[in-house]
Amino acid sequence: MTEKVLIVDDEKGFLDVLAERMQSRGMEVTTATSAKEALQKLEVETFDAIVLDLMMPEMGGIEALQRIKEKNPDSEVILLTGQPSVSKGVEAMKLGASDFLIKPADINELTEKIKLAKAHRMILVEKKTAKKMKDILRTKGW
Amino acid sequence: MTLWSSFKPAFWDHEDVASGPYKHLFNFRRMWKLAVFSTAAVALAPLIFMTVVDYNVNQQAIESDIYYQTARLVSNTRRSISFFLSERRSALNFIDKDNSYQALGDPLRVTALLENLKKGFGGFTDLGVIDDTGLQHTYVGPYNLAGKNYSDQDWFKELRSGEAHISDVFLGLRQQPHLVVSVKHDLPTGCFYVLRASIDTQQFNDLISEVEVSGKGDIFLVNTEGVLQTASRLFGSTLGRIPVTVPAFSDKTRVLEIKSAGEEFITGYAYISGTPFVLMAVKKKSELLKPWNETRKKLVVFLVLSITTILMVILGVSTYLVNQIHAADHKRVMTLHKVEYANKMASLGRLSAGVAHEINNPLAIINEKAGLIKDLISLRNETAADDKLLGLADSVLASVERCANVTKRLLSFARHMDVRLQPLDIEEILREVLGFLGREAEYRSIEVHVAVNPDVPKIESDRGRLQEIFLNLFNNAFAALGDGGRLDVTARRSDAQSITVNVRDTGCGIAQADLKRIFEPFFSTKTERGGTGLGLSITYGLVQEIGGDISVESQVGQGTEFTIRLPLTLESVRKPKHESPVGG
């Protein structure tokens, strides 16, 4: 099963290379060069994981994270930043980020985290599905 | 020198290297000296001046008082003595005028006259009548002096030209000091006769000895040759010689200072007119000045005490004030330095953060591109020639990692610049930090327990540092734990000033030999697995920075427990980075 990933970063050079490498690792990658573009893409599709740069012009990573979480609380967001600081990390974690990585990141670590995020999301989705089933079973009462 | 060093005020050896062009403003020793000397001069000069003036005025007043008293004593006494003598001379004059020459030739009449004189005046011992040839033809008295010729005696010769004569005191036949008063009577024929009477000096002596003389002094009569005419307490009995020269003639009472045998005497004298006598009053100056000396001694003691007190107060106050200024200046310089240092570090922090951030982005691109090259090579699975390329890509990646470490360090340096204190809930921080690791814990089924005792108050500390400390510790614990391990985090209050946080894992534990070195920089047991050996060393530094301490206990195979003690407030433990002002 392939992971569907959205990568958001304002540095196009970084974005393209990363996307290519992820694809070569068997993931389905979509890119966005700004938070706005990412939000637009999120309107039409869902992703297993979203990799978000913390420092972007116009809309920063933290704000984008908030918007994403507002729309879809189940989203798995991994923050990627060039400026590691524990307090920023804590802030992000509080807003519901799944993980926090420091640039330059190891590709293997990133793929690991994405897989982990996906697994987590699967569990959540399964739980939801199970709950729905139960509800259906209870309410319909065949 | 040890005594001095214990009294030496703090500013004494102060050398301000930091005040630059205003250095002269902070020369405390000069400031102190100026304060001490100017205050002392202003305070002591009038005091000493007044004392000296007062001293001189007093001494002059006392001396002139002594002179005046002596002069008065002498002139009073002179008056009594003159009166005494002129009284007797007048008595003789009266007898002389009252009786004719023939009557005076009658011994019976003369005896009656002597009797009357003795009764009326006292002191007369004999009475004689001498004609102008010097022959005493009538004599009444205890000795048989009738017929004695006085013509060759000085006093008789003197009397030829004068009217009356009073002799020196002499012993005479009776071996009794007495003096002789003679009165001349001129006859119309051109001849004359003399009435001569001896007077006992007893009355004379009594008269003088009754006079009280202050200052252990003495009053007596001498003749012009310095032979005592009355007894003297200081210089012996009648007819002895006084050891001082008789002062020169003066018709008025005079007072002199005379030195004799190492002692100073205040001497008042007066020549008694019509007699060979000089009345002298001699007083010991030292005795007279005794009360003044006593006063003077008290004055000097008082002056010395006052000066000492004033000097002590001036020294004390000046030292205190200059010390205060010194302390204030010290604080000022320290504050300036702190501000300067903090500013410098803050700019340095901002600069390094900016640089690190700007470098990190291109570094990320390099990393990814090199990674892509590697990916491409390994995916195509081509042979030989590509091994070299693969090696090149690997070395690029290794260099990127090195750069990344540098920027990471720069960023952490920037973050450590300032300690921002705020009240913090320790449980909140612990949970926040654990949030980072929640996913991993879930994934590896590690049990995490946080137990914060309700008695743990909010502590005043730096949030960022606390987060980093715990993140480092938890990361360490997770690295040590196998899947299915357990991490216990407990917090409790340890005493009035601090709380204690325990982080205990059930991991692999640390060997006893390694425990001691665990906080040393670059000590790592996982160097092969990419550990830098800095984690715990940084943690240790961070704990120190916020005034706490950290200790570790471990058993191999059982687990490790870190104990962190944190102060409730930083005030009591935080010390300034620069203790003393330094230049630059």
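In this predicted model, chain B carries an open sheet of five strands, laid out in the order β2-β1-β5-β4-β3 with antiparallel pairing. At the edges stand β2 (136-140) and β3 (164-166) of chain B; each has a single partner strand, so one side of each is left without a neighbour in the sheet. On average, and with direction ignored, neighbouring strands here are turned by 15 degrees against each other.

Across from Val129(B), the residue found in β2(B) is Thr138(B). Towards the other end of the strand order, helix α2 of chain B (residues 28-98) lies across β3, β4 (178-186) and β5 (192-200) of chain B, and makes an angle of about 40 degrees with β4(B).

Then there are the nonpolar cores. The largest has 80 residues, and the members touching the most others are Val5(A) and Val8(A). Even so, the element that gives the most to this core belongs to chain B: helix α11 (residues 463-480), with eight residues. Domain 2 (293-418) and domain 3 (419-579) of chain B both give residues to the core, which therefore lies between them.

Apart from neighbours within four places in sequence, Val8(A) is in contact with Ala32(A), Ala35(A), Ala38(A) and Ala64(A), along with Ile50(A), Val51(A), Leu52(A) and Asp53(A).

Technical notes
Residues numbered from 1 in each chain as written. Chains lettered and ligands numbered in written order. Predicted model: local features only at pLDDT ≥ 70, side-chain atom pairs only at ≥ 80, totals over all residues. Core = buried A, V, L, I, M, F, W, Y, C linked by C-beta atoms within 7 Å. Buried ≥ 20, exposed ≤ 12 C-beta atoms within 10 Å, placed from the backbone. Helix = DSSP H or I, 4+ residues; strand = E, 2+ residues; numbered from the N terminus. Domains from an automatic or database assignment. Contact = placed C-beta atoms within 7 Å. Pairing = 2+ DSSP bridges. Axes fitted to C-alpha atoms, helices over the stretch in contact; angles between N-to-C directions.
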